[in-house]
Amino acid sequence: WKRVVAQAEKTGVSEVPEQDLHDMLRRNPALRIIDIREESEVARMPIPSWWNAIELPRGCMERDIGKHVPDLNTELILVCAGGQHSVQAAQSLTSILNYAKVHSLKEGAKVLCRGHPMYRSGVSKGFQEAVGNTPLIRLNKISDETGCEILGKAEYMNPGGSVKDRPALHLILDAERRGLIQPGGTITEATSGNTGIGLAHVCNARGYKLITCMPSTMAKEKQDTLKRLGAE
């Protein structure tokens, strides 16, 4: 495996660690993610749609990639289950098909799948990974009385305490990918509380300043929470 990586590096292929992925997408919104896993692997753990990944299973990639990415100067990140096959595939795209800049995502698809309900991680690495994947809870009494399976989605178990953590996180990630905000920038939000709290957490995690505007009639506890989280 070390020999594969060493040979890949000679042909201009690099392994991209998770911490560099968002920075690369922020610098180059045209970068494309290519999912080269088998169909069964994709079915077990699909990459969330917000990554806009192109699915080209191994064996079909070399044949079909030109239809999806005709420009050989397009920057690509290849994704497989664990990282090994994507290095080899990236090497072939560079040396045989002459794509100019091809990377392999280190650790594979699990890096992109953390926000998907089918993914279950162990310890969350910070606020961002803890958002979502909240449990479904069967409401026993009403389910038994009605003969229906009625479930409650426990969104209060998001790290910021509400469902608003989800849009807060993905508004910021989407703006980063499209190059609309820069590191250290300022986010402004008119909020009644929970969206602002979610954004305050995300801004702390991603390195932004947050200014919120809210009615003076809002609960003092929410105002105090925002201030403690560093928002103005």
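Trainee: What makes Arg-178 and Asp-174 a salt bridge?

Mentor: A salt bridge is a side-chain nitrogen of Lys or Arg within 4 Å of a carboxyl oxygen of Asp or Glu, and the closest N and O atoms of Arg-178 and Asp-174 are 2.8 Å apart. This is a predicted model, in which local features need pLDDT of at least 70, side-chain atom pairs count only at pLDDT 80 or more, and totals for chains, interfaces and linings use all residues. Residues are numbered from 1 along each chain as its sequence is written, and side-chain values use heavy atoms, with hydrogens and water left out.

Trainee: Why is Arg-178 called exposed?

Mentor: Buried means under 20% relative accessible area, exposed over 50%, and partly exposed in between, with a 1.4 Å probe and protein chains only. Arg-178 has 52% relative accessibility, so Arg-178 counts as exposed, whereas Asp-174, with a relative accessible area of 31%, is partly exposed.

Trainee: How do you know that Arg-206 and Glu-176 form a salt bridge, and which parts of the chain does the pair link?

Mentor: Their closest N and O atoms are 2.7 Å apart, and the pair counts as a salt bridge. The two residues lie 30 residues apart, Arg-206 in helix 9 (residues 194-206) and Glu-176 in helix 8 (residues 165-177), so that distant parts of the chain are linked. Such helices (H or I, at least four residues) and strands (E, at least two) are DSSP runs, numbered from the N terminus.

Trainee: Is Glu-176 buried or exposed?

Mentor: Glu-176 has a relative accessible area of 1%, and is therefore buried.

Trainee: Why is Ala-90 called buried, and which residues is Ala-90 in contact with?

Mentor: Ala-90, which is found in helix 5, has 0% relative accessibility and so counts as buried. Contact means heavy atoms within 4.5 Å, and, leaving aside neighbours within four places in sequence, Ala-90 is in contact with Val-13, Leu-78, Val-102 and His-103.

Trainee: How do you know that strand 1 and strand 5 pair?

Mentor: Two strands pair if DSSP finds at least two bridges between them, and strand 1 and strand 5 (residues 102-105) pair in the parallel sense over 3 bridges. Within this pairing, Val-16 stands opposite Leu-105 in strand 5.

Trainee: In what order do the 5 strands form the open sheet, and why is one side of strand 1 and of strand 3 left without a neighbour?

Mentor: The order is 1-5-4-2-3, and the pairing is parallel. Strand 1 (14-16) and strand 3 (54-55) stand at the edges, each with a single partner strand, so one side of each has no neighbour in the sheet.
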